[in-house]
Amino acid sequence: MKVNIKSGDTVYVNSGKDSGKQGKVLAVNRSKNGARVVVEGVNIVTKAKKARTAQEKSELVKVEAAIDISNVNIVCSACGKPTRIRHQINGDKKSRICAKCGAILDSKFSAVTKTKKAAKSETKTEEASKETKAEAKAKTSTSATEKKSKTTKSAPAAEKATKTATAKKPSTARASQRGV
């Protein structure tokens, strides 16, 4: 049976009593009847540990048990979503790739090459950041021209503006007499 999950991967449990949990793969057990994985913090069972010597005590120990590999999906480190795995050949090596975002899941190959999807998403984000920088520059240039126009007003004109603003305010005593 083909197994795409390796020990050390972060996986998402999509079915069973622990569905919705994420954990690190501790071990992968391959067999004729199907592969099983042991995931950290998932499928906790209680086992009785028998005392082997007179000084030891018998106790109940909680241990992670194996679950079927079909019940888990690998979590992409780039997009953080549970995903299926695709394969790509890089030179003479085969690497695992996220089916949703196109990021390389094998740490050996992640710095070497990028897939088409990952390259496209990077160019889109770069273009969007350039557009936002251009908009920010335009806003700062317009605000600078407004500040210059405000500072060029003469002092008597500024005094008149403040006098008219204070004259338009109604007094609170008159408003209370009217019942407003």
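Guide: Two strands pair if DSSP finds at least two bridges between them. Strands (E, at least two residues) and helices (H or I, at least four residues) are DSSP runs, numbered from the N terminus. The model is predicted: local features need pLDDT of at least 70, side-chain atom pairs count only at pLDDT 80 or more, and totals for chains, interfaces and linings use all residues. Residues are numbered from 1 along each chain as its sequence is written, and side-chain values use heavy atoms, with hydrogens and water left out.

Visitor: What is the strand order in the open sheet?

Guide: The sheet has 6 strands.

Visitor: Which residue in E3 is the bridge partner of Val28?

Guide: E2 (residues 22–29) and E3 (residues 36–39) pair in the antiparallel sense over 4 bridges. Within this pair, Val25 stands opposite Val39. For Val28, the partner is Val37.

Visitor: Which residue in the turn of the E2 and E3 hairpin has a positive phi?

Guide: The hairpin has 6 residues between its strands. In the turn, a phi of about 130° belongs to Gly34.

Visitor: Which residue in E6 stands opposite Val38?

Guide: E3 also pairs with E6, in the antiparallel sense. That pairing runs over 3 bridges. Opposite Val38 stands Ala66.

Visitor: Is Asp18 buried or exposed?

Guide: Asp18 lies in the loop between E1 (10–13) and E2. Leaving out residues up to four places away in sequence, Asp18 touches Val13, Val42, Asn43 and Ile44 (contact means heavy atoms within 4.5 Å). Buried means under 20% relative accessible area, exposed over 50%, partly exposed in between (1.4 Å probe, protein chains only). Asp18 has 12%, so the class is buried.

Visitor: How many disulfides are there?

Guide: A disulfide is a covalent bond between the sulfur atoms of two cysteines. The rule here is a pair of cysteine sulfur atoms within 2.5 Å. The count is 0.

Visitor: Which cysteine sulfur is nearest to that of Cys79?

Guide: Cys79 is in no disulfide. Cys79 is partly exposed, at 29% relative accessibility. The nearest cysteine sulfur is 3.7 Å away, in Cys76.

Visitor: How far is the sulfur of Cys101 from the closest cysteine sulfur?

Guide: Cys101 counts as partly exposed, with 22% relative accessibility. The closest cysteine sulfur is in Cys76. The separation is too far for a bond: 3.6 Å.
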